[in-house]
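Hello,

Please have it open while you read.

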Amino acid sequence: MKESGPKKMRTNTNRRRFLQIGTAALATTAVGSTAVEVAQASTEERYKIREGTADETEVVVIDSGVEGSTAVVVGGMHGDEEAGYRAAQEMREWSIDEGKLVLIPESNPTAIESGTLSNDNGNLNRKFPPGETPTTPLARAIWDVVTSHDADLVFNLHSSKGIYQEDVGPSGVGQAIYPTTASGARQKATRTVEYMNNNHLGDSQPDYHRFKRGNLITGDRPLLIHKIDHDLQKPGFIVEVTRYDTSLDTRINWTLQIVEHLLGQYSINRTSTGTSENTSDNPSTDPSNGASDEQSSSENSPEQESNERRQLERLLNEYEGTTWARLVRNII
């Protein structure tokens with residue numbers, strides 16, 4: 001007999017619950033002090049670039065201690081786009097289960113301080129010519145962060161006064177994710193667009209706030225993510241939310257949710273609650289409105305289940321032969 005929809009959903013939920021229980025069992029029971037050390041392997045490093053200059057700004061490196069992809073997130077390239085650098089600032093409190101997260105929350109500190117798009121050298125996001133050396137000291141320092149950490153994917157966080165391909169409000173490029181031509185980047189951006197539209201737009205918000213996948217970044221302009229595409233052939237994403245008819249809290253929350261969902265598709269999963277929960281006035285993210293975002297987005301998610309399975313298998317292999325490993329294998 002063909003399995004019914006509700007029963008199948010319960011089966012998938014139970015299997016994911018067993019994976020979560022198994023991981024927690026190995027991490028918290030009497031396997032020994034080594035298990036605690038595994039759970040505490042995540043480290044944070046902070047250092048400055050352009051130290052001693054007006055451009056001095058902080059780089060934060062969150063290392064899970066588990067081999068995986070390295071993601072670089074750049075915020076505040078334009079000082080009048082507050083949502084980008086505020087979101088990147090909140091990411092400093094994140095923990096991740098795999099790989100490394102490198103943050104430059106306030107990449108253009110003088111522009112942020114003055115609340116302007118540009119600094120004294122002009123528009124920072126026009127200083128990254130593909131195939132050439134970045135043209136200002138700050139642009140070169142940012143590029144050095146990307147290359148010295150051997151980034152596997154890069155985000156540049158922005159906001160726009162208008163909305164991409166919409167006639168309402170001022171012209172602009174907001175409510176879109178712009179991927180590079182690297183393999184898989186376009187598909188992952190599309191999945192995140194669908195996730196955002198299904199989970200993070202409240203009923204009270206107009207249709208013109210729905211997210212879209214923007215045009216491909218093809219490496220033909222002197223922008224950071226274009227240089228990522230041309231020089232490194234790596235996945236990169238320009239994230240643009242709109243300032244039109246939105247609150248700052250909503251824009252910050254959207255930006256965080258977009259980055260988190262895209263990171264998850266590269267097996268970098270956030271493990272801490274941080275300070276970003278319920279920062280939006282979007283009703284769909286309010287726990288009082290029924291199931292939480294985590295519940296609604298992870299139910300039946302093969303990617304998240306696969307990530308949990310890999311994490312559990314690493315622990316099981318490390319503690320192979322112990323009572324606890326045998327117990328968990330019996331559960332799953």
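This is a predicted model: local features need pLDDT of at least 70, side-chain atom pairs count only at pLDDT 80 or more; totals for chains, interfaces and linings use all residues.

The buried residues in H5 are Leu 138, Ala 139, Ala 141, Ile 142, Trp 143, Val 145 and Val 146. H5 has 12 residues and reaches 16 Å from its first C-alpha to its last, close to the 16 Å expected at 1.5 Å a residue. After H5 comes Asp 150, with a positive phi near 50 degrees.

Next, two helix pairs that involve H8.

The axes of H3 (residues 82-90) and H8 (residues 248-265) come within 9 Å and cross at roughly 55 degrees. That angle makes H3 oblique to H8, and the crossing is right-handed. On the H3 side, Glu 82, Ala 83, Arg 86, Ala 87 and Glu 90 take part; they meet Leu 248, Arg 251, Ile 252, Thr 255 and Leu 256 of H8. By class, this contact of H3 with H8 has five nonpolar, one polar and four charged residues.

H6 (residues 185-199) packs with H8 at an angle of about 135 degrees, their axes 10 Å apart. H6 and H8 are therefore oblique to each other. Their crossing is right-handed. H6 brings Lys 188, Ala 189, Arg 191, Thr 192, Tyr 195 and Met 196 to the contact, and H8 brings Trp 254, Gln 257, Ile 258, His 261, Leu 262 and Gln 265. These residues divide into six nonpolar, four polar and two charged.

Regards

Key
Residues are numbered from 1 along each chain as its sequence is written. Side-chain values use heavy atoms; hydrogens and water are left out. Helices (H or I, at least four residues) and strands (E, at least two) are DSSP runs, numbered from the N terminus. The expected span of a helix is 1.5 Å times one less than its number of residues. Buried means under 20% relative accessible area, exposed over 50%, partly exposed in between (1.4 Å probe, protein chains only). Axes are lines fitted to C-alpha atoms, for helices over the stretch in contact, and angles run from 0 to 180 degrees between N-to-C directions. Angles under 35 degrees count as roughly parallel, over 145 as roughly antiparallel, 65 to 115 as roughly perpendicular and the rest as oblique. A crossing is left-handed if the near helix is turned anticlockwise from the far one by less than a right angle, and right-handed if clockwise. Contact means heavy atoms within 4.5 Å. Ala, Val, Leu, Ile, Met, Phe, Trp, Tyr, Cys and Pro count as nonpolar, Asp, Glu, Lys and Arg as charged, and the others, Gly among them, as polar.
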